[in-house]
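Open the model in your viewer and keep the sequence panel beside it. Each stop below says what to select and what is there.

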Amino acid sequence: MRRPRRRAVSRASEPTLMAHVRSVVWGPAEFVGLPPWWLVGEGLLAGLLGVAAIIGAGAVGAWSGLPPLADGEGGLVAAGALALYLALVRAGRALIGIVALLGMCLALHAPQAAAGVVLADRGRLRSVVVTDVDHGAYAGRDRRLCSVADEDGVPLTVRIWRGCDRATRPGDALPVVYDPKGRVPPRGVAEGSVAEPLIGVGALAAALVTGCVVAVVRSYRLTHVVPAPPGGRGPADPPQDGGAESG
């Protein structure tokens with residue numbers, strides 16, 4: 001007799017458990033119809049401020065040469081702050097993770113795109129000599145990396161992959177673009193425009209803002225508070241025995 005009762009209780013608790021899991025993972029989204037406009041505005045504002053902080057840190061780092069900002073560390077801090085805000089508003093954990101991942105990607109790509117803009121603005125072209133060619137990994141891709149030296153034989157501290165192809169051999173001349181102020185590492189000259197990395201940054205920024213809006217909207221919760229009367233009985237409690245009217 002006891003086992004059927006236990007199974008019935010377990011089945012009855014399954015919808016509640018699944019609803020709790022969905023609420024924790026994706027957010028409760030406790031509203032009917034379209035989300036409130038102020039909630040969408042809050043998510044949009046949070047996303048735009050986060051994107052501005054991440055891209056701004058990378059741009060300032062590329063233009064000024066500050067290592068913490070040029071390496072993307074400042075953008076990572078801004079991405080962490082955005083994820084912390086979503087956690088404080090109790091957004092879904094899966095959406096927090098998605099926003100954090102997009103923020104990290106944006107923080108690492110923004111300085112590179114900003115460095116390309118700086119070199120396009122004030123860069124100078126010169127020729128260097130290839131001293132060694134190595135097949136390695138760069139930015140998660142298999143590429144040929146060229147170690148180069150300037151006309152005085154001084155090795156450059158960075159290896160060049162743009163323009164370093166299968167036909168490149170030690171002793172070949174390779175054109176590079178360098179920053180006269182020395183704030184941006186030199187790069188090889190390759191086909192393509194400066195707008196290509198900016199388009200990638202824009203796509204990441206749009207995805208990050210969209211993720212923030214969805215996370216904030218789905219974090220909306222309704223709170224039902226029914227105050228108890230001084231006697232301690234709820235409004236739905238039945239009257240006690242002996243409560244007949246007098247007279």
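**Before you start**

This is a predicted model, in which local features need pLDDT of at least 70, side-chain atom pairs count only at pLDDT 80 or more, and totals for chains, interfaces and linings use all residues. Residues are numbered from 1 along each chain as its sequence is written, and side-chain values use heavy atoms, with hydrogens and water left out.

**Stop 1: the whole chain**

Color by secondary structure. The protein chain has six helices and four strands. Here helices (H or I, at least four residues) and strands (E, at least two) are DSSP runs, numbered from the N terminus. The order from the N terminus is α-α-α-α-α-β-β-β-β-α.

Now color by accessibility. Buried means under 20% relative accessible area, exposed over 50%, and partly exposed in between (1.4 Å probe, protein chains only). Of the 247 residues in the protein chain, 30% are buried.

Next, contacts, meaning heavy atoms within 4.5 Å. Take those in the protein chain between residues at least 6 apart in sequence: 71% of them join residues at least 24 apart.

**Stop 2**

Two packed helices are described by the angle between their axes and the distance between the axes. Axes are lines fitted to C-alpha atoms, for helices over the stretch in contact, and angles run from 0 to 180 degrees between N-to-C directions.

Select residues 73-88 and 93-122. These are helix 4 and helix 5, packed at about 165° with axes 8 Å apart. Helix 4 is therefore roughly antiparallel to helix 5. The cut-offs: under 35 degrees is roughly parallel, over 145 roughly antiparallel, 65 to 115 roughly perpendicular, and the rest oblique.

The crossing of helix 4 and helix 5 is right-handed. A crossing is right-handed if the near helix is turned clockwise from the far one by less than a right angle, and left-handed if anticlockwise.

Show side chains at the contact. Helix 4 brings residues including Leu76, Ala79 and Leu86; helix 5 answers with Ile96, Val99 and Met104, among others. By class, the contact of helix 4 with helix 5 has eleven nonpolar, two polar and no charged residues. Ala, Val, Leu, Ile, Met, Phe, Trp, Tyr, Cys and Pro count as nonpolar, Asp, Glu, Lys and Arg as charged, and the others, Gly among them, as polar.

Step into the loop between helix 4 and helix 5 and pick Arg90. Arg90 has a positive phi of about 60°, although it is not a glycine. Arg90 is partly exposed, at 49% relative accessibility.

**Stop 3: helix 2 on helix 5**

The contact of helix 2 with helix 5 divides into 13 nonpolar, two polar and two charged residues.

**Stop 4: helix 2 on helix 6**

Which helix has an axis that comes within 8 Å of helix 2 and crosses at roughly 145°? Helix 6 does. Select residues 195-218 to show helix 6. The crossing of helix 2 and helix 6 is right-handed.

Among the contacts, Leu44, Leu48 and Val51 come from helix 2, and Leu208, Val209 and Cys212 from helix 6. By class, the contact of helix 2 with helix 6 has 15 nonpolar, two polar and one charged residues. Cys212 is buried, at 0% relative accessibility.

Also in helix 6, pick Gly200. Gly200 is partly exposed, at 32%. Draw a C-alpha distance from Gly200 to Ala113: 8.8 Å in space, 87 residues apart in sequence.

**Stop 5: the disulfide**

Select Cys146 and Cys164. A disulfide (cysteine sulfur atoms within 2.5 Å) joins Cys146 to Cys164, S to S 1.9 Å. The structure holds one disulfide. Cys146 lies in strand 2 (residues 141-149) and Cys164 in the loop between strand 2 and strand 3 (173-178), so the pair ties together parts that are 18 residues apart in sequence. The torsion about the S-S bond of Cys146 and Cys164 is about 75°, so the disulfide is right-handed. Both Cys146 and Cys164 are buried.

**Stop 6: Asp152**

Stay in the loop between strand 2 and strand 3 and select Asp152. Asp152 is exposed, at 64% relative accessibility. Asp152 and Val128 are 9.5 Å apart, C-alpha to C-alpha, and 24 residues apart in sequence.
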